[in-house]
Amino acid sequence: MTKSTLKKLLIIAAVALILALFFALDLGQYFSLDYLKQSRARFAALYEQHTLLVLGAYFGIYVVSTALSLPGATVLTLGAGALFGFWTGLVLASFASTLGATLACFLARYLLRGWVQKRFEDRLQRVNEGVRREGAFYLFTMRLVPIFPFFLINVAMGLTPMRIWTFAWVSQLGMLPGTAVYVNAGRQLAGIESMGDIFSPGLILSFALLGIFPLATKKAINIYRRKSGRQPVRDTASK
């Protein structure tokens, strides 16, 4: 067994162990809106007493959950707004999600690229051609218009020739608007104290943005793509 193969097996074993512990210990219960709402006051007090520790812990948890495609990224993004406010929450969630996505991309490339390219070369040809033809804009479109699952983009890009640095900065920019929408929604959720607060203008606007944002970005991207002679973005269901 070569050193490279041994390293890959150790990484796979470590990932498998983390995933097994996550589900065996039912850690997913801590990545829910109910738990976020119930624990917000306690987290706020802890944040006031140990600011850097809480920020670092949140950042680390977000990175690991994103890198390993664990469920709960949406709740973590909402939680950033609820616990830290808009600007602090946006910076943390944006950089944590980008770092986690980049690690996922790197792991997919290191562990799977050679094997997948050999066995699914024909199926990956379209993605590889898109990356070669449009470069960073290809990834930017997928990040800005969420028609593909977040984790699938991370893995798929790891199997392409795209440089990791390019993947990182394009993902950072492409995910930023959507992250801002979710962080703002989390900030509004934190202000719910009674049933009447559910109908507050700020909360209604935030959730309207959650629904409108994907449609609006898709429309804008398609207008640009048509004007520049590119094919429009299509839903996965229409492929």
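**Figure 1. S94 within helix α5 of the predicted model.** S94 has its place in helix α5, which spans residues 86-119, and the model in which S94 is shown here, as in the views that follow, is a predicted one. With a relative accessibility of 4%, S94 counts as buried. Leaving aside residues up to four places away in sequence, the residues that S94 touches are Q172, L176 and T179.

**Figure 2. The chain as a whole, given as context for the close-up views.** The secondary structure of the chain consists of ten helices and zero strands, so that, because helices and strands are taken as DSSP runs numbered from the N terminus, the order of elements from that end reads α-α-α-α-α-α-α-α-α-α. The chain has 239 residues, of which 38% count as buried. When contacts between residues at least 6 apart in sequence are considered, 75% of them join residues at least 24 apart.

**Figure 3. The contact of helix α2 with helix α3.** Helix α2, formed by residues 33-49, packs with helix α3, formed by residues 51-67, at an angle of about 120°, and the two axes are 5 Å apart. The orientation of α2 and α3 is therefore classed as oblique. On the side of α2 the contact is made by L46, Y47, E48 and Q49, and on the side of α3 by T51, V54 and L55.

**Figure 4. Aromatic pairs, with the rings of Y30 and Y35 in close-up.** Taking rings as paired if their centres lie within 6.5 Å, the count in this model comes to ten aromatic pairs. In one of the pairs, the ring centres of Y30 and Y35 are 5.0 Å apart and the ring planes stand at 80°, so this pair is edge-to-face. Y30 itself counts as partly exposed, at 41% relative accessibility. Elsewhere, ring pairs link Y47, Y58, Y62 and F84 into a cluster, and Y47 is also among the residues of α2 that make the contact with α3.

**Figure 5. Charged side chains over aromatic rings.** K8 lies over the face of Y110, at a distance of 5.5 Å from the centre of the ring. In a second example, the charged end of R42 sits over the ring of F43, and the distance to the centre of that ring is 5.7 Å.

Figure 6. Helix α7 comprises nine residues, 136-144, and because seven of them are buried, the helix is largely enclosed by the rest of the structure. The buried residues of α7 are F137, Y138, L139, T141, M142, R143 and L144.

Figure 7. D26, in the loop between α1 (3-24) and α2, has a phi near 55°, which is a positive value in a residue other than glycine. D26 counts as partly exposed, at 45% relative accessibility. S69, which has its place in the loop between α3 and α4 (73-84), likewise has a phi near 55°, positive in a residue other than glycine. The relative accessible area of S69 is 36%, and S69 is partly exposed.

**Figure 8. Residue pairs separated along the sequence.** K37, a residue of helix α2, is partly exposed with a relative accessible area of 40%, and the C-alpha to C-alpha distance between K37 and L83, which are 46 residues apart in sequence, is 10.0 Å. G28 is found in the loop between α1 and α2 and is partly exposed, with a relative accessible area of 29%. Although G28 and L70 are 42 residues apart along the chain, their C-alpha atoms are separated by 8.6 Å. L159, in the loop between α8 (150-158) and α9 (164-189), is buried, its relative accessible area being 7%.

Methods:
Residues are numbered from 1 along each chain as its sequence is written. This is a predicted model: local features need pLDDT of at least 70, side-chain atom pairs count only at pLDDT 80 or more; totals for chains, interfaces and linings use all residues. Side-chain values use heavy atoms; hydrogens and water are left out. Rings of Phe, Tyr and Trp (its six-membered ring) pair if their centres lie within 6.5 Å; planes under 30 degrees apart count as stacked, over 60 as edge-to-face and the rest as tilted. Buried means under 20% relative accessible area, exposed over 50%, partly exposed in between (1.4 Å probe, protein chains only). A charge sits over a ring if NZ of Lys or CZ of Arg is within 6 Å of the ring centre and within 35 degrees of the ring normal. Helices (H or I, at least four residues) and strands (E, at least two) are DSSP runs, numbered from the N terminus. Contact means heavy atoms within 4.5 Å. Axes are lines fitted to C-alpha atoms, for helices over the stretch in contact, and angles run from 0 to 180 degrees between N-to-C directions. Angles under 35 degrees count as roughly parallel, over 145 as roughly antiparallel, 65 to 115 as roughly perpendicular and the rest as oblique.
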